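Subject: Structure handover and findings

Dear colleague,

I am passing on the structure that we discussed, and the notes below it set out what was found. Please read them with the coordinates open beside you.

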Amino acid sequence: MNVNISIRGSQREYQLKLDTTPEQLEQQVKQALKSEDPLTLTSTDGRTVIVPPRALGGIEIVKTEVRKVGFGLM
């Protein structure tokens with residue numbers, strides 16, 4: 001799934017592709033906010049983003065669609 005992470009006070013948005021479910025991501029975010037530990041996410045290409053919970057503006061989950069190709073279109 002693709003995730004867009006916005007940071008408070010910044011116009012920059014991080015875009016990551018993660019190998020996790022929306023439910024698992026939600027639990028990670030809730031735990032980071034509760035414990036005030038940084039939210040650490042690693043993308044499928046190996047990039048790691050560490051966000052302090054107070055700087056977290058929002059997270060948008062974008063479900064990736066499976067595109068049909070060839071005979072799958074019929």
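Leu41, if its neighbours within four places in sequence are left aside, is in contact with Ile5, Leu16, Leu18, Leu25, Gln28, Arg47, Thr48 and Val49.

Please keep in mind that this is a predicted model. The mean pLDDT of the chain is 89, and 88% of its residues reach 70 or more. Confidence in the chain is highest in strand 3, at a mean of 95, and lowest in strand 5, at 92.

Turning to the sheet, three strands form an open arrangement in the order 2-1-5, and their pairing is antiparallel. Strand 2 and strand 5 each have a single partner strand and stand at the edges, so that one side of each is left without a neighbour in the sheet. On average, and with direction ignored, neighbouring strands of this sheet are turned by 20° against each other. Helix 1 packs on the sheet, where it touches strand 1 and strand 5, and the direction of the helix makes about 170° with that of strand 5.

The bridge partner of Ile5 in strand 2 is Tyr14, while that of Ser6 is Glu13. The hairpin that these two strands make has five residues between the strands, and Gly9 in this hairpin takes a positive phi near 75°.

Asn4 deserves a separate look, and it is found in strand 1 (residues 2-7). Is Asn4 buried or exposed? Its relative accessibility is 13%, and because the cut-off for a buried residue is under 20%, Asn4 counts as buried. Neighbours within four places in sequence aside, Asn4 is in contact with Glu13, Tyr14, Gln15, Gly58, Ile59, Glu60 and Val62.

The charged pairs come next, and how many salt bridges does the structure hold? There are three of them. In general, side chains of opposite charge can pair when their charged atoms come close.

One of these salt bridges is formed by the side chains of Glu26 and Lys30, at 3.1 Å from N to O. Both residues lie in helix 1, four residues apart, which is about one turn of the helix. Glu26 counts as partly exposed at 40% relative accessibility, and Lys30 also counts as partly exposed, at 46%.

In another salt bridge, the side chains of Glu36 and Arg54 meet at 3.6 Å, again taken from N to O. Glu36 lies in the loop between helix 1 and strand 3, whereas Arg54 lies in the loop between strand 4 and strand 5 (56-62), so the pair ties together parts that are 18 residues apart in sequence. With a relative accessibility of 54%, Glu36 counts as exposed, and Arg54 counts as exposed at 66%.

Arg47 and Asp45 also form a salt bridge, in which the closest N and O atoms are 3.7 Å apart. Arg47, at 38% relative accessibility, counts as partly exposed, whereas Asp45, at 57%, counts as exposed. Arg47 is also one of the residues in contact with Leu41.

A last point concerns the backbone of Glu36, which has a phi near 65°, a positive value in a residue other than glycine. For context, most residues other than glycine have a negative phi.

With best regards

Note on methods: Residues numbered from 1 in each chain as written. Predicted model: local features only at pLDDT ≥ 70, side-chain atom pairs only at ≥ 80, totals over all residues. Heavy atoms only, no water. Buried < 20%, exposed > 50% of the residue type's maximum accessible area, 1.4 Å probe, protein only. Contact = heavy atoms within 4.5 Å. Salt bridge = Lys/Arg side-chain N within 4 Å of Asp/Glu carboxyl O. pLDDT = per-residue confidence, 0-100. Pairing = 2+ DSSP bridges. Axes fitted to C-alpha atoms, helices over the stretch in contact; angles between N-to-C directions.
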